[in-house]
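Dear colleague,

I am passing on the model we spoke about, with the sequence alongside. Please have it open while you read the notes below.

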Amino acid sequence: MSNIVRLVIACVVMGTAVALCAFGFWGWGIPVLLIGGIILLSFFFNENMIIAQYFLRKENSEKSEEWLLKITDYEKQLHKNQHGYYNLLIGLIESRKAPMKSEKYFKKALSLGMKMSHNVALAKLSLAGISMAKRNKREAQMYLSEASKDDKNKLLTEQIKMMKGQLAQMDKQVVRGGYRQF
């Protein structure tokens, strides 16, 4: 459902609630007002995104992807502030299947912007992992330092330390001539 349609429905329901209260039907007016509030809330927070995040936290990426695929045109169905989060979720799901293909989603999520700093740090941490897989040490260090700056609540400190340790191991694996020694 388009966001504009949600907004129109919310306005109609809220107007009906106000009319019911104005005519003295408080018993019906208050529940209808609450329903209108829920519909208005779904304008800002899409239910498919919320359910997809829930399944992603429960490590069920198949269900999460199923709910995200219900969003056919994210530019029309989601509020502008959710575009970055949509691409972040798609990138997280894609990174479990094909990590190299998820890079474009993380970069798009960063370019669209996200309000929560730990989500920005998560996207940059994922990009650092992709850069490490590509053996691009300079880019990986850049993304790791940016991720540690953006992680203001220190939610990703363990993952950042682990990635820095893996980055240090990259130096030890490279010998003269640029080949790894097994």
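The model is a predicted one, in which local features need pLDDT of at least 70 and side-chain atom pairs count only at pLDDT 80 or more, while totals for chains, interfaces and linings use all residues. Residues are numbered from 1 along each chain as its sequence is written, and side-chain values use heavy atoms, with hydrogens and water left out.

The overall chain

The protein chain holds 10 helices and zero strands, where helices (H or I, at least four residues) and strands (E, at least two) are DSSP runs numbered from the N terminus. Its C-alpha atoms occupy a box of roughly 85 × 30 × 25 Å along the principal axes. The radius of gyration is 22 Å, whereas a compact globule of 182 residues would have one near 16 Å; the radius is taken over C-alpha atoms, and the globule rule is 2.2 Å times the number of residues to the power 0.38. Buried residues account for 36% of the 182 residues, with buried meaning under 20% relative accessible area, exposed over 50%, and partly exposed in between (1.4 Å probe, protein chains only). Of the contacts in the chain with a separation of 6 or more, 54% come from residues 24 or more positions apart, a contact being heavy atoms within 4.5 Å.

Helix α6

Helix α6 covers residues 83–97, and its 15 residues reach 22 Å from the first C-alpha to the last, close to the 21 Å expected at 1.5 Å a residue; that expected span is 1.5 Å times one less than the number of residues. The helix is mostly covered, since 12 of its 15 residues are buried, among them His 83, Tyr 85, Tyr 86, Asn 87 and Glu 94. The buried residues of α6 pack against α3 (47–57), α4 (61–68), α5 (74–77), α7 (103–112) and α8 (117–133).

The largest pocket

The largest pocket has a volume of about 1,100 Å³, and 36 residues line it, of which Leu 88, Leu 89, Leu 92, Asn 119 and Leu 122 are the closest to its centre. The elements that give two or more residues to this lining are α3, α6, α8 and α10 (157–173), and α8 gives the most, with eight residues. By class, the lining has 21 nonpolar, 11 polar and four charged residues; here Ala, Val, Leu, Ile, Met, Phe, Trp, Tyr, Cys and Pro count as nonpolar, Asp, Glu, Lys and Arg as charged, and the others, Gly among them, as polar. As for the method, on a 1 Å grid over the protein atoms alone, a pocket is an open set of points where a 1.4 Å probe fits, with protein on both sides within 12 Å along at least five of seven lines, and lining residues have an atom within 4 Å of a point. Grid points are joined across faces, edges and corners, and the volume is the space filled by probe spheres set on the points.

Single residues

Glu 59 sits in the loop between α3 and α4 and is exposed, with a relative accessible area of 57%. Lys 154 belongs to the loop between α9 (137–150) and α10, and at 52% relative accessibility it counts as exposed.

Lys 152 is also found in the loop between α9 and α10, and its relative accessibility of 60% makes it exposed. The C-alpha atoms of Lys 152 and Met 14 are 138 residues apart along the chain and separated by 39 Å.

Met 14 itself lies in helix α1 (residues 3–22) and is partly exposed, at 26% relative accessibility. Leaving aside residues up to four places away in sequence, Met 14 touches Leu 33, Gly 36, Gly 37 and Leu 40, and its C-alpha atom is 9.1 Å from that of Gly 29, which is 15 residues away along the chain.

Finally, Leu 69 is placed in the loop between α4 and α5 and is exposed, with a relative accessible area of 57%.

With best wishes
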